[in-house]
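The sequence and structure are shown first.

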Amino acid sequence: MKLLVKLGGTLLDADAPRERLARQIAAVSRSVPMVVVHGGGRQLTRYLAERGVLSQFVNGLRVTTPAVLDAVVKVVAGSVNRQLVAALNQVGNRAGARAVGISGIDAGMVEAEQMDPALGSVGRVTRADPALLDALLTGGFLPVVACVAGDREGRFYNVNADRMAVACAVAFGADQLIFLTDVAGVLDAAKCLVPRLTMARSESLIAAGIATGGMLAKLNAAHSALRQGVPQVRICAGAADGVLERILAGDEVGTRLAAEEVCAG
């Protein structure tokens, strides 16, 4: 069993939830090879606003000017990554995690190209090399990946964190991709949690305008992961008590999309 856990930036914006998640991740990583990918959109928006830079979005993607890209590196790959690594290593002294903060730029792990000139330096992932992740995992380390990627000409890009998670999960052969977010999971038209989804049903939620915004992005990312061979994707609340342990124990937590259910649907 290998896990890719993607943490939404909202879960990392205060000490208490960050430390609570760090304890869970550190405990699970002692027995299960794991890679963590994180966002940091809320922290980035706040940093930019404090400097008088307006955040603009097109189809959920942040327009990334040179000033915004500089902020992405400083905030997402900088302070957000460092705070999470520090929290993991603090509990790791007791629970066994040895977290290492990296981004897609390191060792050319994740390569990207410009998605659309109108979006500036927003990147579309073109290639992911698991060599660095494999080396860290083999050495007993816990990779913590910030969503910045580069290309072979030395340019670097702001990459959607969900898409970065998919790229890393596919590259290192994760058996499960877990999106820990600030909502309970996928909701239907009556605002009830959907515990299991087929590809067809999730696409119907999108077509009906029920799954929108961040959840739309996560479902699209989940579909991409399933199509590329990740057997199971989970979308659930990161604030839920013992969420990772419960998932690994087989509990129905959040919403599960699985390869066999896609085939059956």
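In what follows, a residue is called buried under 20% relative accessible area, exposed over 50%, and partly exposed in between, for a 1.4 Å probe and protein chains only. The model is predicted, so local features need pLDDT of at least 70 and side-chain atom pairs count only at pLDDT 80 or more, while totals for chains, interfaces and linings use all residues. Residues are numbered from 1 along each chain as its sequence is written, and side-chain values use heavy atoms, with hydrogens and water left out.

**Salt bridges**

A salt bridge is defined here as a side-chain nitrogen of Lys or Arg within 4 Å of a carboxyl oxygen of Asp or Glu. By this rule the model holds 15 salt bridges.

| Glu50 | Arg51 | 3.4 Å |

In the second pair, Asp129 is partly exposed at 25%, and Arg127 is partly exposed at 35%. Asp129 and Arg127 also belong to a network of salt bridges that links them with Glu111 and Arg152.

**Helices H6 and H7**

Helices (H or I, at least four residues) and strands (E, at least two) are DSSP runs, numbered from the N terminus. Two packed helices are described by the angle between their axes and the distance between the axes. Helix H6 (residues 199–207) packs against helix H7 (residues 213–227) at an angle of about 155 degrees, with the axes 11 Å apart. Because angles over 145 degrees count as roughly antiparallel, H6 and H7 are roughly antiparallel to each other.

Contact means heavy atoms within 4.5 Å. On the H6 side, Met199, Ser202, Glu203 and Ile206 meet Leu216, Leu219, Asn220, His223 and Arg227 of H7.

Of the two partners, Glu203 is partly exposed at 38% relative accessibility, and Arg227 is exposed at 56%.

Technical notes
Axes are lines fitted to C-alpha atoms, for helices over the stretch in contact, and angles run from 0 to 180 degrees between N-to-C directions. Angles under 35 degrees count as roughly parallel, over 145 as roughly antiparallel, 65 to 115 as roughly perpendicular and the rest as oblique.
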